[in-house]
Amino acid sequence: FGFFEGNGGIKTSILVGLFTAMAFGLPLLLYCLLRGARFSAVFPMQKPKKRAMLLALASLCLLIFMQALLKYALFGKEFDYREIALYGFTLPFPASLGEWVVMLLFVAVVPAVWEELMFRGAVFYEYRMVGGLVIVLLSAVLAGMMGMSFSAFPWLFLSGMVFALVRFLSGNLLVSMFLHIAYAVYTLTLE
């Protein structure tokens with residue numbers, strides 16, 4: 001992952017987004033082709049209902065509260081707030097507005113979309129017969145392992161659990177995708 005580290009900037013953010021799209025997109029494409037599943041069956045997306053969006057908004061507040069409690073209250077001294085960590089590598093904060101916009105797109109939106117397609121789309125579809133709780137737990141464990149860090153696993157597991165519960169309760173991948181994107185943008189901007 002040293003390939004992505006360095007001075008940061010637009011080039012690094014774009015490389016992170018492309019890496020994410022390849023790391024998730026190629027296996028998902030292969031999965032859909034080999035499985036012979038319809039896109040709409042694996043990735044159920046319809047116009048979100050008002051109740052589902054309220055669930056996502058409440059879940060976003062819960063994620064922000066949990067993050068504040070864990071990161072700042074319990075483990076505050078262990079975090080470097082001048083860097084952004086994703087998939088085991090770090091990026092320095094952007095130096096300009098242009099870098100912020102590119103980083104939001106390629107480091108927040110692109111990974112959130114692909115992770116939702118993988119963990120709350122394909123995993124939910126593949127294990128749909130084992131029951132909701134098992135799917136939620138499996139999705140959260142896999143999402144936690146993607147952080148490639150033992151210290152980050154508890155937080156990634158908990159946030160993955162929230163994303164999976166929202167996907168399960170709403171039945172709509174777009175709702176969990178909206179939540180994930182909103183949370184990633186919050187993490188890169190307001191945190």
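Helices (H or I, at least four residues) and strands (E, at least two) are DSSP runs, numbered from the N terminus. By this definition, the secondary structure of the protein comes to 7 helices and 2 strands. Read from the N terminus, these elements follow the order α-α-α-β-β-α-α-α-α.

**Basis of the model**

The structure is a predicted model, in which local features need pLDDT of at least 70 and side-chain atom pairs count only at pLDDT 80 or more, whereas totals for chains, interfaces and linings use all residues. Residues are numbered from 1 along each chain as its sequence is written, and side-chain values use heavy atoms, with hydrogens and water left out.

The term pLDDT denotes the predictor's confidence in each residue, from 0 to 100. Its mean for the protein is 84, and 87% of the residues reach 70 or more. Among the elements, strand β1 (residues 83–86) has the lowest mean pLDDT, 61, while helix α7 (residues 173–188) has the highest, 93.

**Burial and contacts overall**

A residue is called buried when its relative accessible area is under 20%, exposed when it is over 50%, and partly exposed in between (1.4 Å probe, protein chains only). The protein has 191 residues, of which 41% count as buried. Contact means heavy atoms within 4.5 Å. Among contacts between residues at least 6 apart in sequence, 71% join residues at least 24 apart.

**Packing of the helices**

Axes are lines fitted to C-alpha atoms, for helices over the stretch in contact, and angles run from 0 to 180 degrees between N-to-C directions.

| Helix pair | Angle | Axes |
|---|---|---|
| α1 (residues 9–35) and α4 | about 20° | 9 Å apart |
| α4 (residues 97–126) and α5 (residues 132–145) | about 135° | 10 Å apart |
| α5 and α6 (residues 153–170) | roughly 140° | within 7 Å |

Angles under 35 degrees count as roughly parallel, over 145 as roughly antiparallel, 65 to 115 as roughly perpendicular and the rest as oblique. A crossing is left-handed if the near helix is turned anticlockwise from the far one by less than a right angle, and right-handed if clockwise. For the composition of a contact, Ala, Val, Leu, Ile, Met, Phe, Trp, Tyr, Cys and Pro count as nonpolar, Asp, Glu, Lys and Arg as charged, and the others, Gly among them, as polar.

With an angle of about 20°, α1 and α4 are therefore roughly parallel to each other. Their crossing is left-handed, and the residues of the contact divide into 20 nonpolar, 6 polar and 4 charged.

The pair α4 and α5, at about 135°, is oblique, and its crossing is right-handed. From α4, the contact is made by F119, R120, V123 and F124; from α5, by I135, V136, L138, S139, L142 and A143. These residues comprise 8 nonpolar, 1 polar and 1 charged.

Helices α5 and α6 cross at roughly 140°, an oblique arrangement, and this crossing is right-handed. Residues of α5 in the contact include G132, V136 and M145, and those of α6 include F153, G160 and F168. The contact holds 13 nonpolar residues, 4 polar and no charged.

**Residue V109**

V109 is found in helix α4. This residue is partly exposed, with a relative accessible area of 24%. Not counting residues up to four places away in sequence, V109 touches L104 and I181. V109 and A182 are 73 residues apart in sequence, and their C-alpha atoms are 8.6 Å apart in space.
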